[in-house]
Amino acid sequence: MTPLLTTTDLCKAFGGLRAVDHVDFSVAPGEVRAVIGPNGAGKTTFVSLVCGRIAPTSGTIVFDGRDITAMPAHERVRAGIAYTFQITSVFPNLTAFDNVALPVQRTLADGRGSGRLRDGVMAALSRTGLAARAGTPAGALSYGHQRLLEVAMGLALKPRLLILDEPTQGLSDGEIDSFVGLVREIARDATVLLIEHNMPVVMALADRITVLDAGKVLAEGTPDEIRANAQVQAAYLGTEAA
Ligand SMILES: Nc1ncnc2c1ncn2[C@@H]1O[C@H](COP(=O)(O)OP(=O)(O)OP(=O)(O)O)[C@@H](O)[C@H]1O
C-alpha cells in the first residue's frame, strides 16, 4: 500500500544537537502509529517537521505522494495534516463553539452558509463529547475538556493525518478511557500519529509503534514486538509496559 506519509533521511539540528537524526519513517493510510521515546528523544521536533512548524536541516517529507518538505504549514493544513499542540492552545475567552469555528472556517473556502459552519462545529464538538458545552468559554472548561476541545479543533479541519502530541497528559483515568474510545473512532476515517508517554494508551491504540531515542529510530513494530524488544526495554520501557 502506498504510504500516506514518508520521511527520508530527515534531520533537524539545533546547533550541535541532532534532535532528529536521519529518520526514515513511513505511515500507511488508516494506521494509528504511536511515536514513543524518552524525554528529549526528538518526538515533538519530528512531528513539528511533519506539520511544518519548523524546517528540516536536511531530508525530505512526502505526504500523499507530494514532496511537502518546503511547503508552508498553512498549506499542509489544507493538504490534510492537522496537529494538536502539546500545550493547551485554546483561546480562553472564546466559547468552545467559537474556538472550533476558527478551523472550520478554513475548510469552508467558498465562505458559503452559516448553516454549514454551525453543522461543522457541532459535528466536531459532538464527536469529542463537548456539544453541551458549546456556549462555555474555553477558559471555564476543565483541563480535560480543554484538551478535548483541541482535538475537536483538529478534527474540524477534517484531516487525513491527525497528529496528537501527548493528548492524555493531565487527564484523569476516566477521561483517558473516553479518549481511547475517541481515537479509535477518529481512526475509522483518518490516519493518526500519536506521541504518548502513557504506555497502556499506546498499547491499546497503536497498530505500530516507532521508538525514537536521541533523534534516531531505535525500533519499530507492533505493540507485541516492541514490548518484547530487549533494546527498547533497556532504553525506555523498563517496567512501564509490563
Ligand atoms: N527550538 C529548540 N532549540 C534548541 N533545542 C531544541 C529546540 N527544540 C527542541 N530542542 C532539543 O531537541 C531535543 C529533542 O526535543 P523534543 O522536544 O523533540 O523531544 P521529545 O522527545 O518531544 O521530548 P518530551 O518527551 O520531553 O516532549 C531536546 O534535547 C531539546 O532540548
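View 1. Strand E1 (residues 5-14) and E2 are antiparallel and are joined by seven bridges. Here, helices (H or I, at least four residues) and strands (E, at least two) are DSSP runs, numbered from the N terminus, and two strands pair if DSSP finds at least two bridges between them. Residue numbers start from 1 along each chain, as its sequence is written. Because the model is predicted, local features need pLDDT of at least 70 and side-chain atom pairs count only at pLDDT 80 or more, while totals for chains, interfaces and linings use all residues.

View 2. Contact means that the C-beta atoms of two residues, placed from the backbone, lie within 7 Å. For the angles, axes are lines fitted to C-alpha atoms, for helices over the stretch in contact, and values run from 0 to 180 degrees between N-to-C directions. Look next at E1 and E4, which are antiparallel over five bridges; threonine 8 stands opposite threonine 60 in E4. E4 and E5 are joined by two bridges, with phenylalanine 63 partnered by arginine 66 in E5. These two strands form a hairpin with two residues between them, and aspartate 64 in the turn has a positive phi of about 50°.

**View 3. The shell around the ligand.** Which residues surround the ligand? They are Phe14, Leu17, Ala19, Gly37, Asn39, Gly40, Ala41, Gly42, Lys43, Thr44 and Thr45, where a residue is near a molecule if its C-beta atom, placed from the backbone, lies within 6 Å of it. H1 gives the largest share of this shell, three residues, and both E2 and H1 supply at least two residues each. By class, the shell has four nonpolar, six polar and one charged residues. Ala, Val, Leu, Ile, Met, Phe, Trp, Tyr, Cys and Pro count as nonpolar, Asp, Glu, Lys and Arg as charged, and the others, Gly among them, as polar.

**View 4. The six-stranded open sheet with mixed pairing.** Its strand order is E6-E7-E8-E3-E9-E10. At the edges, strand E6 (81-84) and strand E10 (216-221) each pair on one side only, and the twist averages 15° from one strand to the next.

View 5. The domain assignment, automatic or from a database, gives domain 1 (1-80 + 159-242) and domain 2 (87-158). Their C-alpha centres lie 24 Å apart, and the contact takes twelve residues from each domain. On the domain 1 side, helix H6 (residues 173-186) gives the largest share, five residues.
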